[in-house]
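Subject: Structure for your review

Dear colleague,

I am passing on the structure below, followed by some notes on what was found in it. Please read them alongside the coordinates when you have a moment.

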Amino acid sequence: MSKIAVITDSNSGITQAGAKELGIRVLPMPFYINDELFFEDITLSQEEFYQRLSEDANITTSQPAPADVTGLWDEMLKEYDEIVHIPMSSGLSSSCETAIMLASDYEGRVQVVNNQRISVTQRRSVLEAIRMAKAGRSARKIKELLEATRFDSDIYITVDTLKYLKKGGRLTPAAAAVGTVLNLKPILRIKGEKLDAFAKTRGWKSAKRTMLKTVEEVIGKDFEDCDGPTDLYIDAAYTGSREEALDWKAELEEAFPGYDIHMDPLSLSVTCHIGPGARAVTVTKKLHIDE
């Protein structure tokens, strides 16, 4: 049986400390803040990121340097036979396509998974890859199984401020001004490759109510063959303060009893575009594995 390493990036929400506990490796995502290079969870903490964001620093996202990716692969292949590499969704970053290109030089020993996940849904894919590796699946088989279920996941996000959608060009200044006056809370959806506008609501209560209702409808329509917590994960994500976000997790636990809801910060790569105070809920179909 091949010895398989699992690698992901920090967009999964898995910290460097968490990676050690899981026995995997996490590539830190790079950020430029006022033209200075930082690496998530290495030289840039969540707190430092939000501080710089509040100062209106010029923050831009980037992708791991090819040499950093292949350097980690080469290091891991000294100990492991194969690698399963799970980057963030190819629809949200070019880091996945770059990794696929780089892997072509590794004669099949590195399998890059393009299953359109990010944040807590990407974390779920990592945990499933670990389980499959322990169950004896090859790296290629793990990739095939994860990619076959790429559309079996939804993320719904509502934002607290329109400032960053305007700054990133997703809202015109005029639309942002009107939305602020009317207290509009847009709901965004990530499914597959795209981050799209899903709905507009007035105020936080309406936004959260809409997301809860939508998840109920998705479970009944898109996952009608699933048996609740036996077949589905419901998870939470947020930007900003975890203490403030705990109320959101509690609301989800009340709305969806029986689910073991995990909550992590949203990827800083997403946070750049939506700002602090956002809330998200995800629903993902479990990949059952015969061990």
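Leaving aside its neighbours within four places in sequence, which residues is C226 in contact with? With contact meaning heavy atoms within 4.5 Å, and with those neighbours left out, C226 touches D231, L232 and K285.

Some conventions first. This is a predicted model, in which local features need pLDDT of at least 70 and side-chain atom pairs count only at pLDDT 80 or more, while totals for chains, interfaces and linings use all residues. Residues are numbered from 1 along each chain as its sequence is written, and side-chain values use heavy atoms, with hydrogens and water left out.

C226 lies in the loop between α9 (204–221) and α10 (228–231), where helices (H or I, at least four residues) and strands (E, at least two) are DSSP runs numbered from the N terminus. C226 counts as buried because its relative accessible area is 14%, the cut-offs being under 20% for buried, over 50% for exposed and partly exposed in between (1.4 Å probe, protein chains only). From C-alpha to C-alpha, C226 is 9.3 Å from K286, although the two are 60 residues apart in sequence.

Elsewhere, three strands form an open antiparallel sheet in the order β4-β3-β5, pairing being assigned if DSSP finds at least two bridges between two strands. The edge strands, each pairing on one side only, are β4 (36–39) and β5 (59–61). Strand β3 (residues 30–33) pairs with β5 over three bridges in the antiparallel sense, and F31 stands opposite T61 in β5.

Best regards
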